[in-house]
Amino acid sequence: MVKKQNKLLPLTGNEAVANAMRQINPDVVAVFPITPQTAIAQAFAQFVADGDVDTELVRVESEHSAMSCVVGAAAAGARSMTATSSAGLALMWEILYVASSTRLPIVMPVVNRALSAPINIHCDHSDSMGARDAGWLQLYSEDGQEAYDNVILALKIAEDKDVLLPAMVCLDGFITSHSVEAVQLLDDRTVRRFIGAYKPAHPLLNVQKPVTVGPLDFFDYYFEHKRQQIEGMENVFKVYKKAANELSKLTNRKYPLFEEYKTKDAEYIIIALNSTCGTAKAVVDEMRKQKKKVGLLKIRLFRPFPKKEIAKAIEKANVVAVLDRSASFGSDGPVFLEVANAIHDMKKKPILAPYLYGLGGREIGMAHIRQVFEELPKVAREKKTPAVKYINLREK
Amino acid sequence: MANLKEIAKMPERISGGHRMCAGCGAPIAVRQILSATKHDVIVANATGCLEVATTIYPYSAWKVPWMHSAFENAASTISGIEAAYRSLKRKGKVKKEIRFVAFGGDGGTYDIGLQALSGALERGHRFVYVCYDNEGYMNTGIQRSSATPLYASTTTDPAGKIRQGKQERRKMLAEIAAAHRIPYVAQTAIHNWSDVVNKATKAFEADGPAFINIFAPCPRGWRADESKTVMLSRLAAETGFWPMFEVENGEWKLNYNPASRKPITEFLKTQGRFKHLFRPENAPLLEKIQSNIDAEWERIKKICGAE
């Protein structure tokens, strides 16, 4: 049960995440600054300097080395974390695959930021969406509270012996990372009890049982190893539910794979992830007062993608608008593609409407979301998926 | 330092039966280096010949914990492993005294891994980085690296009708490592086991990062006789092509200082990669190589305070 001392604290999203890391007290953390993630690295470094954690902090010279360092540390047998954004994640790219393919349960907050060029420090999801096939779990967070909860939840799932995969916890740059909100922290001991000890099966540091990690793996075995990795990802669903229920008992908050906000009888649904969902909820509330049957489906777990469950959740809607905050140049947005794939073999299915919004931190407000909902009845009448629409963009 | 008899009794940490080429200098380097500590060791290996040819799944030639992650990150990988060791040892979860080694070829060290190496050296992790220098990207098929010597022919800088191989001199990696003011830096070569083991012993016992650049001939890539590996290495030292020195807590010392150096042609003529230099019209190029080596030898001697 939630204890009385777990008061609401005014924390930025980054501070909430850093506090989750403090409570996890990893054996090794690698830090490297990049806006808007930097505040996580700074806050955690202060925890180290003040003796609040007994982590070995490695202040690396790049994100490539940050990921390489935590991969080495995790393989050695240490619970290991780092955090990044944007170009930092891009620089880690190669080693993201090494982490997942070596089955190392590293948890990494990703503070979403646009990719260069042109350089832009503000929020969109190009960074983490580009890494969606890197074999990492991806959890998205509407606000600081969810980012905090997701870090703890992700660690529990990632380290499960049936999963053993790394996990990204995504939160929106500046919008969530730098906004102060009321966040409720669990007490440290509860977190530590929930996550338990990290007990890797074959650590390098067990010199009595030497292991060769990362050998050359050719056409005769590589495919089987990839199949096992796919299996690990498929196992996430059952492990997620168990871990989410367990965490829910401690926090009194719910952790569904996705949140169904007034969707049960909704004719028009918006699908989105991260902070835009907060805005969309406010719009849904407002429109519901005007008797409009609208709802929001907020994706929390994007990798693996719970396609059957999401298909079922939206099957009765007339039109579903899918809001992507990253462009897939030459194709539809990644969230749209997932949803389209999820519903493709349903007999009765909603019409999808693709939207692209918020690149490079372009504002998305209630009026924009309301406009999306107001466009959907026309899509329903025309009975076909329209061309992608750009929200809050100057076309001329 | 242990004598040869004692070294021979040290447990083998890499087994025979791996798939390195006949005559390869790299496994000789590995055996010599790893025979220099009685402690348990954990190895990180950059992508390269040594990595691919010793760990073809489901086989491994390594009798010690070993990890490969990528080409450019052996130094950051070993920093993570060493950080994990520090952390878990402090918490009492690891009891043993363990040493940490990273092996990388010259491509993985001079070039693509230089940033990670510099970072790890500067951060002061207690580890030994060993560059087995065979003067090119041999695993991918003998391409030019920044360790490739002047006028050598490689597949990305071949000798041709108007261009005579690599036009640049190799960089002085050991000096770059020494500029990090780490406790121990050395340059050695596989023909001199006692020099290698002596230096590796110092590197393992240094209280901080240590860097060893070990000359490891690649007969395949150098177009040389694979039965002449050790001779190639010896000639490199005897001609002054590969100075043998160490930098211990900032003090430079020349470890091999012959009364007279052999002419560089003695070394060059043993290898097909320099064959084009022996055409009559290329005589000035040979002179250039010799004068470079003479000047460099004097420079190193001066730094080392040698006569």
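Domain bounds here come from an automatic or database domain assignment. For chain A, that assignment gives domain 1 (8–251) and domain 2 (258–390). Please keep in mind as you read that this is a predicted model.

## The two domains of chain A

The C-alpha centres of domain 1 and domain 2 of chain A are 28 Å apart. Domain 1 of chain A brings 30 residues to the contact, and domain 2 of chain A brings 27 residues. Between them, the two domains of chain A bury about 2,200 Å², with 55% of that area coming from carbon and sulfur atoms. Which residues in domain 1 of chain A lose the most area to domain 2 of chain A? They are A:Arg132, A:Glu142 and A:Phe237, which together account for 28% of what that side buries.

## Where chain B meets chain A

The model also has a contact between chains. Here 41 residues of chain A are in contact with 43 residues of chain B. The area buried between chain B and chain A is about 3,200 Å², and carbon and sulfur atoms carry 62% of it. On the chain B side, the residues that lose the most area to chain A are B:Tyr57, B:Met67 and B:Arg123, together 19% of what that side buries.

You will find B:Pro58 in the loop between α3 (49–54) and β2 (66–68) of chain B.

Two packed helices are described by the angle between their axes and the distance between the axes.

| Helix pair | Residues | Angle | Axis distance |
|---|---|---|---|
| α3(A) and α4(A) | 63–76 and 86–101 | about 25° | 7 Å |
| α6(A) and α9(A) | 144–158 and 236–251 | roughly 130° | within 9 Å |

From α3(A), the residues in the contact are A:Glu63, A:His64, A:Ala66, A:Met67, A:Ser68 and A:Val71; their partners in α4(A) include A:Leu91, A:Met92, A:Ile95 and A:Leu96. By class, the contact of α3(A) with α4(A) holds nine nonpolar, three polar and two charged residues.

For the other pair, the axes cross at roughly 130°, and that makes α6(A) oblique to α9(A). The crossing of α6(A) with α9(A) is right-handed. How many nonpolar, polar and charged residues does the contact of α6(A) with α9(A) have? The count is nine nonpolar, no polar and three charged.

## Backbone details in chain A

A:Thr35 and A:Pro36 are joined by a cis peptide bond, with omega about 0°. A:Pro36 sits in the loop between β2 (28–31) and α2 (38–49) of chain A.

Further along, A:Lys262 is a residue other than glycine with a positive phi, near 55°. The loop that holds A:Lys262 runs between β10 (258–261) and β11 (268–272) of chain A.

Conventions:
Residues numbered from 1 in each chain as written. Chains lettered and ligands numbered in written order. Predicted model: local features only at pLDDT ≥ 70, side-chain atom pairs only at ≥ 80, totals over all residues. Heavy atoms only, no water. Axes fitted to C-alpha atoms, helices over the stretch in contact; angles between N-to-C directions. Helix = DSSP H or I, 4+ residues; strand = E, 2+ residues; numbered from the N terminus. Contact = heavy atoms within 4.5 Å. Nonpolar A, V, L, I, M, F, W, Y, C, P; charged D, E, K, R; others polar. Buried area = accessible area lost by both parts, 1.4 Å probe. Parallel < 35°, antiparallel > 145°, perpendicular 65-115°, else oblique. Left-handed = near helix turned anticlockwise from the far one by under 90°.
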